[in-house]
Amino acid sequence: AGDSPPTRVSSTVVESEAKLFDRYVERLHKLSEAFKMFTEIDCIKIFRAAKIVFGDDTTTEVCGSFSKGTKIYIDTTYPVTVESRLNLVEELKLTFNESNVGLGRLAIHVNTEWCDIDIVCSNTAEYGVRPRPNEKLHENVPVQYAIRCLKEWWKHNIRGKVKGYMLEEMALAVFLSYPVGQFGSGGLQLFLSVLQTMIDSAEFGTSIYGLRGGSGGTKELRDAAKL
């Protein structure tokens, strides 16, 4: 199979639709800001637990996200083992409901009353140093708007089957591959372009932009894009 065919749906966007999309995304942002104060309180609890388990030299950083979810990176002076991460899980269970804390392959997941928090140890014995989120995402308005809406779509269609970071990688890759229109933020055109590449990949057997071979979840993405 060759390259994915050019996107088509995004070219039909009119200015009024683009502006309505932008207002919707901005409203999502305001709603997430309303939870910020409560999320910060939960983050402080996580910071304290990390220092108890990993030592006083441990530092933490809250990385920006494009939906209500939050990601916390924990920096240690040594590679963290699975056993150490399990110790952090047990420490967190003393603060949060036990059923709301779990250890995933790359992150510890904490579901609070206000949001979902992923805790990533930036240096582990199993996986080495984990990079921070792509800074290009934070500098690009169309990508920011498209990702925020993609993650809303993701929550209702494919959550649990496809990782959120995959949507970020796709949006940036599609943006770099196809120019978006200038109506509004350009987020609606990019949002539709991302969905179009998923559908095209199913129809023509091509790869999905931004997803490396073996990354998994491609079938779920293609099926969800058709909904």
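Buried means under 20% relative accessible area and exposed over 50%, with partly exposed in between, for a 1.4 Å probe and protein chains only. This is a predicted model, in which local features need pLDDT of at least 70 and side-chain atom pairs count only at pLDDT 80 or more, whereas totals for chains, interfaces and linings use all residues. Residues are numbered from 1 along each chain as its sequence is written, and side-chain values use heavy atoms, with hydrogens and water left out.

**View 1. Gly 184 in the loop between helices H6 and H7.** Gly 184 is placed in the loop that runs between helix H6 (164-177) and helix H7 (187-204), where helices (H or I, at least four residues) and strands (E, at least two) are DSSP runs, numbered from the N terminus. Gly 184 counts as partly exposed because its relative accessible area is 46%. Once its neighbours within four places in sequence are left aside, Gly 184 is in contact with Ala 18 and Asp 22, contact meaning heavy atoms within 4.5 Å. The C-alpha atoms of Gly 184 and Val 14 are separated by 9.7 Å, although these two residues are 170 residues apart along the chain.

**View 2. The whole protein chain.** The secondary structure of the protein chain comes to 8 helices and 7 strands, and 43% of its 227 residues count as buried. Among contacts in the protein chain between residues at least 6 apart in sequence, 65% join residues at least 24 apart. The accessible surface of the protein chain comes to about 12,100 Å², of which 52% belongs to carbon and sulfur atoms; accessible areas come from the Shrake-Rupley method with a 1.4 Å probe, and for residues only the protein chains shown count as cover.

View 3. Strand S1 (residues 59-63) and strand S2 (residues 70-75) pair in the antiparallel sense over 5 bridges, two strands being paired if DSSP finds at least two bridges between them. Within this pairing, Lys 71 in S2 is the bridge partner of Cys 63. S2 also pairs with strand S5 (residues 116-121), here in the parallel sense and over 5 bridges, and Val 120 in S5 is the bridge partner of Tyr 73. In a regular strand the side chains alternate between the two faces of the sheet.

**View 4. The salt bridge of Glu 126 and Arg 85.** The side chains of Glu 126 and Arg 85 meet in a salt bridge, with 2.9 Å from N to O, a salt bridge being a side-chain nitrogen of Lys or Arg within 4 Å of a carboxyl oxygen of Asp or Glu. This pair links distant parts of the chain, 41 residues apart, since Glu 126 lies in the loop between S6 and strand S7 (128-129) and Arg 85 lies in helix H3. Glu 126 is partly exposed, with a relative accessible area of 34%, whereas Arg 85 counts as buried at 4% relative accessibility. Thr 124 lies in strand S6 (residues 123-124) and counts as buried because its relative accessibility is 5%. Leaving aside its neighbours within four places in sequence, Thr 124 is in contact with Pro 79 and Val 80.

View 5. The structure holds 3 salt bridges. In one of them, Lys 19 joins Glu 15, the closest N and O atoms being 3.3 Å apart, and both residues lie in helix H1 (residues 15-34), 4 residues apart, about one turn of the helix. Lys 19 is partly exposed at a relative accessible area of 41%, and Glu 15 is partly exposed at 40%. Glu 90 forms a salt bridge with Lys 93, for which the closest N and O atoms are 3.6 Å apart; both lie in helix H3, 3 residues apart, about one turn of the helix. Glu 90 counts as partly exposed at 46% relative accessibility, as does Lys 93 at 23%.

View 6. Val 82, Leu 86 and Leu 103 make a nonpolar surface patch of about 210 Å²; patches are made of residues with over 30% relative accessible area and no salt bridge, like charges being joined within 9 Å and nonpolar side chains (Val, Leu, Ile, Met, Phe, Trp, Tyr) within 5 Å. Leu 86 has its place in helix H3 (residues 82-93) and is partly exposed, with a relative accessible area of 40%. Cys 43 is buried, with a relative accessible area of 5%, and Cys 149 is buried at 10%. A disulfide is a pair of cysteine sulfur atoms within 2.5 Å, and by this rule the count comes to 0 disulfides.
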